[in-house]
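This report describes selected local features of a structure, beginning with the terms needed to read it.

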Amino acid sequence: MNDITADAKKVLSGAGLQDNVLKDPGTAHIVLDRNKILGMNSVPGLEIDANELDEGMEASITVKENTVIEKTVHLCFGVIPEKGIQRIIMDLRIEPNASISVLSHCVFPNAVDVRHIMKGNIDIAEGGNYSYLEKHVHSGKGGVRVYPQAEISVGKGARFSSVFELLKGRVGLIDIDYQAVCAAEAVLEMTARISGRGNDVIKINERGHLRGEKSRGVLKSNIAVRDSASADIENTMIAEAAYARGHVDCKEIVRDQGKARAVPIVEVRHPRAHITHEAAIGSVDSKQLETLLARGMPEDDAVELIIQGMLR
Amino acid sequence: MGILEIRNITLKLDGSKILDDLSIDFWEGHVHAVVGPNGAGKTTLANTIMGLEGYRNISGDIILEGESIRNLSVDERARRGITLGWQEPARFEGLPLRDYISASSRNPKPGDIEDLLTRVGLSPSDYLDRAVDRTLSGGERKKIELASILAMKPEIAILDEPDSGIDVESLEKIFDAVRILKKQGTTVLLITHSQTVLKQAEHAFLLCCGRLQKKGVVSEIEQYFGDKCIPCDHKNNPDLNEE
Ligand SMILES: Nc1ncnc2c1ncn2[C@@H]1O[C@H](COP(=O)(O)OP(=O)(O)OP(=O)(O)O)[C@@H](O)[C@H]1O
Ligand SMILES: [Mg+2]
């Protein structure tokens, strides 16, 4: 394991992480500052192969069959200067009945013009379990453009759950493009929680294919847009097998001059499959608001409390 | 003079008169019950006093401590001390119970929220870290609503069917909470069609078809439950809503 350098410390502190988390030999991690791998550690049953690229990093991560990685794996991706491009190409393979939980910290605290491009290929074999949380910390200047893309294959009886969270600093531009295919009895859960301000632009395009019998999927987005921020959510769920169950849920709260659009697309190609969708867009729910008003809270505070809850 | 006076209130919703020239005085520090059959207008009256959206276009007036509050918004009314516990309380995704109750607390002190939860019959260790969301049962949600009202220490608490969804054991806790409110000087309006709840009150008002049919001490109004019949021309009388 490398020593924690000053730059790595900035990445870590931006992510709200103590550097002792990464000093623990039992915690696997990669710390990447733009295209410099500043730290890396693996644990038994987890293979990490990472190489620096001109503008980022290419990594391949494998969790070996029947291995349960006990401690959350930390991936820290930072661009500390005001400008820069960071491109990450990641291949992740969860072998049969293996399990891992990964927390990605994406830290761009000074960004004026930063692009972060992440291309993921995720393959979860039968009975595998992958739980992924991606937390972004951006500057308040709105100069970040983030392009997360992933192709996910969820094998028989496997589970994939992801949460994408961008609540600190300005979004800038985020353009999420995720596609997941589920085999029989697989479970898919993808959640995005994003708060936009200024002229932030939020785009989400997620597609879930429930190919196998009894597969289940939920696509969920909870978004708040304030000032003149905009959000455009197109989430698609397609069920193609008997007893596949899907749900698409979209909540967008709009304040000020914000704009929000949601297109939940649900498609059923088997008479025994079932998909529901729910979209609530606009101001906060009036009963929730009136409840807090009736306790004496000023309206702006009440709206803020409701939004904070929805984004939690 | 009452602390809260409803003066000749008429409210139409979608063209029908839901409250019809209704006048009621509520007395400071007393516990009142408003009873009446389904559809009598009890919830409508509660919403009108609170000034909720859709219940503001009234004729007549609402007087709080001698001043009209007709033109005040919900939060302004609340800051004057009026609050409402909904018949079916709202659920909030992701909002921790602790934040929800603190939102209504006046001068909160450490340990207050735990005390309040215990008072309404919920164990703090089981509930404090939960969200006020759809995973709570109806009865649990009602109890949390009541805890948040206790936290507010209001001048006037309108409790719309405080017993609905509450089991027999917990009912005593709800009544304890009403006693706490009374003890701290809160004027309480219990909206109910339960005789047990009615018995917690000192004065009662019988409403039907948006009109006050009868008022008096609880024993008088209780007859309504005995007779199972109200001396009024009921909804299905076609003339009722005509001018
Ligand atoms: N927005 C509305 N438009 C038209 N009619 C309404 C509206 N809201 C309520 N009503 C009608 O007003 C009447 C009174 O309703 P309200 O909810 O006040 O009754 P309630 O006495 O609280 O009944 P319950 O005991 O069932 O709670 C009912 O007949 C109801 O259908
Ligand atoms: Mg009612």
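A residue counts as buried under 20% relative accessible area, as exposed over 50%, and as partly exposed in between. The model discussed here is predicted.

The loop between strand E9 (203-208) and strand E10 (211-217) of chain B holds B:Cys209. Because its relative accessibility is 5%, B:Cys209 counts as buried.

**The surroundings of ligand 1**

Which residues are closest to ligand 1? Ligand 1 is surrounded by 15 residues, and the closest are B:Asn38, B:Gly39, B:Lys42, B:Thr43 and B:Thr44. By class, this shell consists of four nonpolar, seven polar and four charged residues. Helix H1 (residues 42-50) of chain B gives the most to the shell, with three residues.

| Residue | Atom of the residue | Distance to an oxygen atom of ligand 1 |
|---|---|---|
| B:Gly39 | backbone N or O atom | 2.8 Å |
| B:Thr44 | side-chain N or O atom | 2.5 Å |
| B:Gln87 | polar side-chain atom | 3.2 Å |

On its own, ligand 1 has 640 Å² of accessible area, and the protein covers 67% of it.

**The magnesium ion**

Which atoms coordinate the magnesium ion (ligand 2)? The ion is coordinated by OG1 of B:Thr43 and OE1 of B:Gln87, at 2.0 to 2.2 Å. B:Thr43 belongs to helix H1 of chain B, whereas B:Gln87 is found in the loop between strand E6 (82-85) and helix H3 (97-104) of chain B, so the pair ties together parts that are 44 residues apart in sequence.

Are these two residues buried or partly exposed? B:Thr43 has a relative accessible area of 27% and is therefore partly exposed. B:Gln87, at 29% relative accessibility, counts as partly exposed as well.

**Aromatic pairs**

How many aromatic pairs does a search of the whole structure find? Over all chains, there are four. In one of them, A:Tyr130 and A:Phe160 form a tilted pair, with 5.5 Å from centre to centre and 45° between the planes. This pair links distant parts of the chain: A:Tyr130 is in strand E9 (residues 129-138) of chain A and A:Phe160 is in strand E11 (residues 159-168) of chain A, 30 residues apart. A:Tyr130 and A:Phe160 are both buried.

In chain B, B:Phe92 and B:Tyr100 form a tilted aromatic pair, with 5.5 Å between the centres and 45° between the planes. B:Phe92 has a relative accessible area of 2% and is therefore buried. B:Tyr100 counts as buried because its relative accessibility is 1%.

Finally, ring pairs link A:Tyr130, A:Tyr132 and A:Phe160 into a cluster.

Conventions. Residues are numbered from 1 along each chain as its sequence is written. Chains are lettered from A and ligands numbered from 1 in the order in which they are written. This is a predicted model: local features need pLDDT of at least 70, side-chain atom pairs count only at pLDDT 80 or more; totals for chains, interfaces and linings use all residues. Side-chain values use heavy atoms; hydrogens and water are left out. A residue is near a molecule or strand if one of its heavy atoms lies within 4 Å of it. A polar contact is a pair of N or O atoms within 3.5 Å; within protein, one must be able to donate a hydrogen and the other to accept it, and residues adjacent in sequence count only if both atoms are side-chain atoms. Accessible areas come from the Shrake-Rupley method with a 1.4 Å probe; for residues, only the protein chains shown count as cover. Helices (H or I, at least four residues) and strands (E, at least two) are DSSP runs, numbered from the N terminus. Ala, Val, Leu, Ile, Met, Phe, Trp, Tyr, Cys and Pro count as nonpolar, Asp, Glu, Lys and Arg as charged, and the others, Gly among them, as polar. Donors are N, O and S atoms within 2.8 Å of the metal (3.2 Å for Na, K and Ca); water is not among the atoms, so sites may look incomplete. Buried means under 20% relative accessible area, exposed over 50%, partly exposed in between (1.4 Å probe, protein chains only). Rings of Phe, Tyr and Trp (its six-membered ring) pair if their centres lie within 6.5 Å; planes under 30 degrees apart count as stacked, over 60 as edge-to-face and the rest as tilted.
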